[in-house]
Amino acid sequence: MNEKEIAEIRRRFRPDKSNITRIRGCYVNDQREIVSEFSQPLGLMPQEESEELLAILKKTLSGTVGKNLIDIEFATRQVLEGEEHKLLMALRESALKDDAAVREFYGRIIETLGMEGNYLILLASDQYDIPFYAKDGEAQENSSEVYSYFLCSICPVKPRKPALGYYVSENTFRNITADWVVSPPELGFLFPAFDDRSANIYSALYYSRNIEENHAEFVDTVFKSEIPMPAAVQKETFQSILGEAVAEECSLEVVQAVHEQLSEMIEEHKASKEKEPLVVSKGTVKGVLASCGLSETRVTAFEEKYDEEFGSDTQVSPRNLIDMKQMEVRTPDVTIRVNPERGDLVETRVIDGAKYILIRAEEGVEVNGVAVHIS
């Protein structure tokens, strides 16, 4: 799914937009025991509470595509024969009214999910009359298709600390007792995916709040599919590959050039307003390294290490490989953060046999917030 399609479904999670009439779920304690199950009609809840529940579910469709939001693909054989896909379809087709399917789904999650503490499993089913848009962008009355889907959110439930509160009606201060509070979703998914503004039962959209953790055990249980390594791990792995493969040829200029060229690709893709997320292959990065003047030996070494860590045919999002907002130069004792557009201000040099990082500083120099002068 692309950003535009995700945004279209996100807009459904408002009381006046969705056809969600009921929220199902269960509360699981730290011993992996179901404490309670619930099925709450939104229409009978106070407006504030129903809006809060929808807001929590909506967060399962938030974050960056390729980092927090990842497409999960099902093989044809899975769709035809797979028990995991059959269960997802049963949940979808029954609009979560199949109690046996719902309880089996709970059991699979609880058995394998490695999440500490208490958590809440939330499920919501919706039917979206997809509006047909004319060439002038105007929505038509007749819908082109009804998109039936369900959303699963898994939210940690954490204790709230006691605090001192002011009660206006009593004009007094009293302690607010400790209680348990539902936190934003840690992970979840949408099934089926909304591709090309239509249901795609061969795909699901998976969400992970933490880009350093993808809960692979959950993905394997629910989807029986592989998931890319977490975005933060992709970045660390890429940095390690680059440093080890390029070795003594890995200069400041080479790293700057890689950062600049990947940044340019991201900006050009954004300007082009392409619907599909940008990804780069091993060959793309090889071309970047070759353009930096690296020897063929080092480029080949990079290729081999890429195959070992990512896989030869794996494509990755360049947004996961670099930080668009800053460059960082670090020694064991000093860290320098640089605006990527002003990498020209930093250089390395050897003076009298000693290695230095030099930063051109004309004005506006501060140390601990105090303006200093360089004379």
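**Exercise 1: the whole chain**

The chain exposes about 21,900 Å² of surface, with carbon and sulfur atoms supplying 47% of it. Keep in mind that this is a predicted model.

Task: Work out what share of the residues is buried, and how far the C-alpha trace spans.

Solution: Start with burial: the chain has 375 residues, and 40% of them count as buried. Next, look along the principal axes, where the C-alpha trace spans about 75 × 65 × 50 Å.

**Exercise 2: domains and charges**

Task: Find the domain bounds, then say what distance separates the centres of domain 1 and domain 3.

Solution: The domain assignment gives domain 1 as 3–223, domain 2 as 228–324 and domain 3 as 325–374. Taken over C-alpha atoms, the centres of domain 1 and domain 3 are 46 Å apart. For the charges, take the mean position of the 42 positive ones and that of the 66 negative ones: these two points are 4 Å apart.

**Exercise 3: lysine 282**

Task: Decide whether lysine 282 counts as buried or exposed.

Solution: First place the residue: lysine 282 lies in helix H9, which covers residues 282–291. Buried means under 20% relative accessible area. Lysine 282 has 13% relative accessibility, so it counts as buried. Now check what surrounds it. Leaving aside neighbours within four places in sequence, lysine 282 is in contact with Glu303, Tyr306, Asp307, Ser312 and Thr314. With aspartate 307, the side chain of lysine 282 makes a polar contact of 2.9 Å.

Notes:
Residues numbered from 1 in each chain as written. Predicted model: local features only at pLDDT ≥ 70, side-chain atom pairs only at ≥ 80, totals over all residues. Heavy atoms only, no water. Domains from an automatic or database assignment. Buried < 20%, exposed > 50% of the residue type's maximum accessible area, 1.4 Å probe, protein only. Areas by Shrake-Rupley, 256 points an atom, 1.4 Å probe, with all protein chains shown as cover. Lys, Arg positive; Asp, Glu negative; His and termini not counted. Charge placed at Lys NZ, Arg CZ, Asp CG, Glu CD. Helix = DSSP H or I, 4+ residues; strand = E, 2+ residues; numbered from the N terminus. Polar contact = N/O pair within 3.5 Å; in protein donor to acceptor, adjacent residues only side chain to side chain. Contact = heavy atoms within 4.5 Å.
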